[in-house]
Amino acid sequence: MSTAELASSYAALILADDGVEITADKLQTLLKAAKVVDVEPIWTQLFAKALEGKDVKDLLSNVGSGGGAAAAGPAAAGGGAGAAAEEAKEEEKEEEKEESDEDMGFGLFD
């Protein structure tokens, strides 16, 4: 990440933390106040356009969330917990059968 990108990112985070709307002009003003002079205006315009209408704090707090699919999984499995346990037991039995072949010395590359 270049210095310009990093400085623009930090400036956007500062504005979001203060609850100020993120615009290219405000990012440039903040960068000038911080004496970061090597940032081209295109970077602040890109960051302002990308974050326009978005809640940066919400984006940061939901970085690791998996989305709706993960939440639907446990709800759907609630009724069929017994069936899931039976399937797990069957998978374990199949794995044991596969392991028994290996124990006998028979292998694909022997």
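**Entry 1: Asp38**

I looked up what Asp38 touches: leaving aside residues up to four places away in sequence, Asp38 is in contact with Thr3 and Ala4 (contact means heavy atoms within 4.5 Å). Asp38 sits in the loop between H2 and H3; helices (H or I, at least four residues) and strands (E, at least two) are DSSP runs, numbered from the N terminus.

Residues are numbered from 1 along each chain as its sequence is written, and side-chain values use heavy atoms, with hydrogens and water left out.

I then checked pLDDT, the predictor's confidence in each residue, from 0 to 100. The protein chain averages 75, and 60% of the residues score at least 70. Confidence is highest in helix H2 (residues 24-33), at a mean of 91, and lowest in helix H5 (residues 68-77), at 50. Where pLDDT is low, the predicted coordinates should not be read in detail.

**Entry 2: The chain as a whole**

I counted six helices and zero strands in the protein chain. Of its 110 residues, 16% count as buried (buried means under 20% relative accessible area, exposed over 50%, partly exposed in between, with a 1.4 Å probe and protein chains only). Among contacts with a separation of 6 or more, 48% come from residues 24 or more positions apart. The chain exposes about 8500 Å², and carbon and sulfur atoms supply 55% of that area; accessible areas come from the Shrake-Rupley method with a 1.4 Å probe, and for residues only the protein chains shown count as cover.

**Entry 3: Helix H2**

Which residues of H2 are buried? I found Leu27, Gln28 and Leu31. Seen down the axis of H2, these buried residues fall within an arc of 100 degrees, so they line one face of the helix; the arc is that of the directions from the helix axis to the C-beta atoms. Their cover includes H1 and helix H3 (41-50).

On the other side of H2, Asp25, Thr29, Lys32 and Ala33 are exposed. Asp25 and Pro41 are 16 residues apart in sequence, and their C-alpha atoms are 9.0 Å apart in space.

**Entry 4: Lys35**

I moved on to Lys35, in the loop between H2 and H3. Lys35 has a positive phi of about 60 degrees although it is not a glycine. Its relative accessible area is 71%, so Lys35 is exposed.

**Entry 5: A nonpolar patch**

I listed the members of a nonpolar surface patch of about 650 Å²: Met1, Leu6, Tyr10, Leu13, Leu60 and Val63. Patches are made of residues with over 30% relative accessible area and no salt bridge, with like charges joined within 9 Å and nonpolar side chains (Val, Leu, Ile, Met, Phe, Trp, Tyr) within 5 Å. A salt bridge is a side-chain nitrogen of Lys or Arg within 4 Å of a carboxyl oxygen of Asp or Glu.

Which helix gives the largest share of the patch? Helix H1 (residues 3-18) does, with three residues. Met1 lies in the segment before H1, and Met1 is exposed, with a relative accessible area of 76%.

How values were computed
Predicted model: local features only at pLDDT ≥ 70, side-chain atom pairs only at ≥ 80, totals over all residues.
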